[in-house]
Amino acid sequence: MKEPVRVLLVDDEESFWRPMSERLAARDLEVEVATSGPEALEHSRRCGGDYHVAVIDQVMGPPNGIETMRQLRRAYPGIEVIILTGWGDMTPGPAAMEMGAYRYMRKPISNADELVLNIQMAARFGRERQRRLASQALVRAGQRINTAGSEEALYQQLYEEVRELLPALDGFLVTRHDPFSQVVSFPFCFVRGKRLCLPHRQDGNGIAEFVLRCREPLLLSGGDRPFRQQHLLHEPDPEIGYCASKLVVPMYP
């Protein structure tokens, strides 16, 4: 099952955002609209930055599109941004790209399919970038293993590293497998900012077992519900429930 792309469309002209949001939704994108920079930040705060791509009009505000992008990316680095301009002046484009915009496009958008393609490519790029950043955080934490005073301190360091790069992350689990007893345990688990103690289990078929079989960290930036359905995995532990974003790290004794 393919994960839907979640888009935040930011534009103060209803004559643009209303038909464009309908055209994007008709192409199987999940679209939410904000009519100003502050409203875009509020929408993002409310959902924990759970957008793949923000499409932002440059000429609005204050704050204008580039400033809105800067504030949005500072709070939620995982969101990719496409900047639009209706003035025909593309000179701010290079500056926007240097500040992290994925694309800078001219309005009006006569071909919605071109915008959809850029949104899909930006979402794919963002997923790969998040995986890369998370992997880098894991490597850095591993390099500091000798400085950690305890196993618990190491897991806490790892969690804090990843949270800096993925602020919207609401599920972080360290899983461990005992090859003799075939028991899966969870030495460290944070869900929605709360530390949880999960029971050991045997013969399960959840995300923890999937990660242990693959022997690689798994980042689910779009949540674990579609991943479970795609791979025919069990429902989540009732104490955790589904997560909007999750990182599961396998550990081996």
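Visitor: Which residue lies over the face of Y102, and at what distance from the ring centre?

Guide: R103 lies over the face of Y102, 4.5 Å from its ring centre; a charge sits over a ring when NZ of Lys or CZ of Arg is within 6 Å of the ring centre and within 35 degrees of the ring normal. K107 is placed over the face of F16, at 4.2 Å from the ring centre. The model is predicted, so local features need pLDDT of at least 70 and side-chain atom pairs count only at pLDDT 80 or more, while totals for chains, interfaces and linings use all residues. Residues are numbered from 1 along each chain as its sequence is written, and side-chain values use heavy atoms, with hydrogens and water left out.

Turning to ring pairs, the structure holds eight aromatic pairs (rings of Phe, Tyr and Trp, the last by its six-membered ring, with centres within 6.5 Å; planes under 30 degrees apart are stacked, over 60 edge-to-face, the rest tilted). Y155 and F188 have ring centres 5.9 Å apart and planes at 50°, so this pair is tilted. Because Y155 belongs to helix α6 (residues 151-165) and F188 to strand β7 (residues 183-191), the pair ties together parts 33 residues apart in sequence. Here helices (H or I, at least four residues) and strands (E, at least two) are DSSP runs numbered from the N terminus.

Y155 is buried at 3% relative accessible area, and F188 is buried at 0% (buried means under 20%, exposed over 50%, partly exposed in between, with a 1.4 Å probe and protein chains only). F188 also forms a tilted pair with F190, at 5.5 Å centre to centre and 40° between the planes. F190 is buried too, at 13% relative accessibility.
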